[in-house]
Amino acid sequence: MELTCVECPMGCKITVEEKGGNKEFFGYSCPRGKLYAENEVVDPKRVVTSTVKTASGEVIPVKTDKPVSKKDMYKVMQVINSITCTLPVKTGDIIKENVYGANIISAKTVK
Ligand code: SF4
């Protein structure tokens with residue numbers, strides 16, 4: 001398996017090889033890259049970005065404040081789609097707490 005590390009702009013190519021039931025990692029340039037590859041193999045995670053409707057009919061951009069497991073992304077989107085928030089909001093304001101281990105936060109200041 002080949003991965004491209006997305007932890008920094010270097011974009012190192014990391015190779016994962018299975019040897020005797022263990023996984024070995026090659027090509028990373030720092031510990032962050034090895035950790036990224038280990039997580040990608042075991043439980044890949046992503047930051048979810050979307051929009052939330054407001055009570056006044058606008059939509060605001062939101063995202064999770066940390067990566068969530070890819071297996072939970074659809075459920076996170078269902079929660080996001082059920083939210084209606086009230087303006088004003090500032091960038092970083094928590095719109096909804098603890099959604100599959102992350103908070104949904106505003107990605108923009110809207111008055
Ligand atoms: S392995 Fe390290 S240097 Fe390479 S892309 Fe990942 S974080 Fe950057």
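The buried residues of helix H1 are Gly33, Tyr36 and Ala37, where a residue is termed buried if 20 or more other C-beta atoms lie within 10 Å of its own, exposed if 12 or fewer do, and partly exposed in between, the C-beta atoms being placed from the backbone. Seen down the axis of H1, these buried residues fall within an arc of 95°, so they line one face of the helix; the arc is that of the directions from the helix axis to the C-beta atoms. The model is a predicted one, in which local features need pLDDT of at least 70 and side-chain atom pairs count only at pLDDT 80 or more, while totals for chains, interfaces and linings use all residues. Residues are numbered from 1 along each chain as its sequence is written.

Helix H1 comprises 12 residues, 31-42, and reaches 17 Å from its first C-alpha to its last, close to the expected 16 Å, the expectation being 1.5 Å times one less than the number of residues. Helices (H or I, at least four residues) and strands (E, at least two) are DSSP runs, numbered from the N terminus. On the face of H1 turned away from its buried side are the exposed residues Pro31 and Val42, whereas the buried residues pack against strand S1 (2-4), strand S2 (13-19) and strand S3 (22-26).

The domain assignment, which is automatic or taken from a database, gives domain 1 (2-42) and domain 2 (49-106). The C-alpha centres of the two domains lie 30 Å apart.

An open sheet of 5 strands has the order S8-S5-S6-S10-S9, with mixed pairing; two strands are taken to pair if DSSP finds at least two bridges between them. Its edge strands, each pairing on one side only, are strand S8 (84-85) and strand S9 (94-99). Strand S6 (residues 59-64) runs antiparallel to strand S10 (residues 102-106) and is joined to it by 3 bridges, with Ser106 of S10 as the bridge partner of Val62. S9 and S10 likewise pair in the antiparallel sense over 3 bridges, and here Val99 has Ala102 in S10 as its bridge partner. The covered face of S10 carries Ala102, Ile104 and Ser106, and the uncovered face carries Asn103 and Ile105.

The largest nonpolar core has 12 residues in all, including Val62, Val76, Ile80, Ile95, Val99, Ala102 and Ile104; such a core is a set of buried Ala, Val, Leu, Ile, Met, Phe, Trp, Tyr and Cys residues joined through C-beta atoms within 7 Å. Two or more residues of this core come from each of S6, helix H2 (73-82), S9 and S10. Apart from it lies another core, of 5 residues, among them Cys5, Ile14, Tyr28 and Ala37. Beyond its neighbours within four places in sequence, Ile104 is in contact with Val62, Thr64, Ile80, Ile95, Lys96 and Val99, contact being defined by C-beta atoms, placed from the backbone, that lie within 7 Å.

Val79, in helix H2, is partly exposed, with 15 other C-beta atoms within 10 Å. Residues up to four places away in sequence aside, Val79 touches Lys96 and Val99.

S9 and S10 form a hairpin with 2 residues between them, and Tyr100 in the turn has a positive phi of about 50°. Tyr100 counts as partly exposed, with 14 C-beta neighbours inside 10 Å. The C-alpha atoms of Tyr100 and Val76 are separated by 6.8 Å, although the two residues stand 24 residues apart along the chain.

Definitions and conventions:
Contact = placed C-beta atoms within 7 Å.
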